[in-house]
Amino acid sequence: MKSFKWEDSVAAYDFNLLSVFTFQDFEESCHLLRKCGAVQVSDQEVKETEEGQTTTAFLRALLQPFIDAYQVVFSHLCEEGVQVFTEKQLVPAVRTLASQLILSGELNSYEALSSDTQKNVLSALLRLDAVTKSRVGVPSEFQAKKAAIRKIGAIMTGRIPPQRHLIAAPDARL
């Protein structure tokens with residue numbers, strides 16, 4: 001269930017409905033997925049069932065473009081030359097990287113080209129303290145904490161479970 005809180009914090013701006021999505025809503029969603037046979041729920045985890053693979057594959061397909069977009073921003077911010085940046089520098093740089101990945105066939109969705117999504121990723125990274133404002137003003141300057149960004153990327157792709165200390169309040173603003 002701490003995974004729900006972490007994911008809510010990460011995607012709060014990409015899915016406006018998450019700002020009013022409560023733990024009770026999460027439990028009801030799990031109940032409905034369990035009722036239709038898509039998942040099994042225990043006190044510690046939610047597991048996909050064999051019969052529910054079609055349903056969960058559909059749900060994953062809905063979220064995959066956003067996960068891909070987040071990963072493209074993470075990749076850019078973890079590049080060697082990226083230290084201090086502005087939002088105005090971030091957006092075209094991520095768009096260039098996304099375009100290259102799309103043209104090479106490594107990226108199949110176009111969500112990473114959206115400047116709104118890119119700004120939402122930046123907001124999420126600020127909330128999670130993986131990016132800090134190094135100068136407040138116009139334009140604001142940001143600094144990426146590459147190790148934290150890599151860890152968040154690993155959590156989003158399921159390589160490591162979310163940790164309680166990564167859960168942050170969803171009220172940080174750019």
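**Close-up views of a predicted model**

**Figure 1. Crossing of helices α4 and α5.** In this predicted model, α4 passes α5 in a right-handed crossing. The axes of helix α4 (residues 87-104) and α5 come within 10 Å of each other, and the angle at which they cross is roughly 120 degrees. Helix α4 is therefore oblique to α5, since an angle has to lie in the range of 65 to 115 degrees to count as roughly perpendicular and over 145 to count as roughly antiparallel. On the α4 side, the residues in contact are Glu87, Leu90, Val91, Val94 and Arg95. Their counterparts in α5 are Ser115, Gln118, Lys119 and Leu122.

**Figure 2. An aromatic pair within helix α3.** The structure holds 2 aromatic pairs. In one of them, the ring centres of Tyr70 and Phe74 are 6.1 Å apart and the ring planes stand at 90 degrees, so the arrangement is edge-to-face. Helix α3 (residues 53-77) contains both Tyr70 and Phe74, which are 4 residues apart, or about one turn of the helix. Tyr70 and Phe74 are both buried.

**Figure 3. Asp129 in the loop between α5 and β4.** The loop that links α5 (115-127) to β4 (131-135) includes Asp129. Most residues other than glycine have a negative phi. Asp129, although not a glycine, has a positive phi of about 60 degrees. The relative accessibility of Asp129 is 43%, and the residue therefore counts as partly exposed.

**Figure 4. Helix α2 and the glycine that follows.** Helix α2 (residues 23-35) comprises 13 residues and should span 18 Å at 1.5 Å a residue. Gly37 follows α2 and has a positive phi, near 85 degrees.

**Figure 5. Buried residues of helix α6 and the glycine just after the helix.** In helix α6 (residues 146-156), the buried residues include Ile149, Ile152 and Ile155. Lys146, Gly153, Ala154 and Met156 of α6 are also buried. Just after α6, Gly158 adopts a positive phi of about 85 degrees.

**Figure 6. Overview of the chain.** The chain has 6 helices and 5 strands, arranged along the sequence in the pattern α-α-β-β-α-β-α-α-β-β-α. Of the 174 residues in the chain, 37% are buried. Among contacts with a separation of 6 or more, 57% join residues 24 or more positions apart.

Terms used:
Residues numbered from 1 in each chain as written. Predicted model: local features only at pLDDT ≥ 70, side-chain atom pairs only at ≥ 80, totals over all residues. Heavy atoms only, no water. Helix = DSSP H or I, 4+ residues; strand = E, 2+ residues; numbered from the N terminus. Buried < 20%, exposed > 50% of the residue type's maximum accessible area, 1.4 Å probe, protein only. Expected span 1.5 Å × (residues − 1). Phe/Tyr/Trp six-rings, centres within 6.5 Å; stacked < 30°, edge-to-face > 60°. Axes fitted to C-alpha atoms, helices over the stretch in contact; angles between N-to-C directions. Parallel < 35°, antiparallel > 145°, perpendicular 65-115°, else oblique. Left-handed = near helix turned anticlockwise from the far one by under 90°. Contact = heavy atoms within 4.5 Å.
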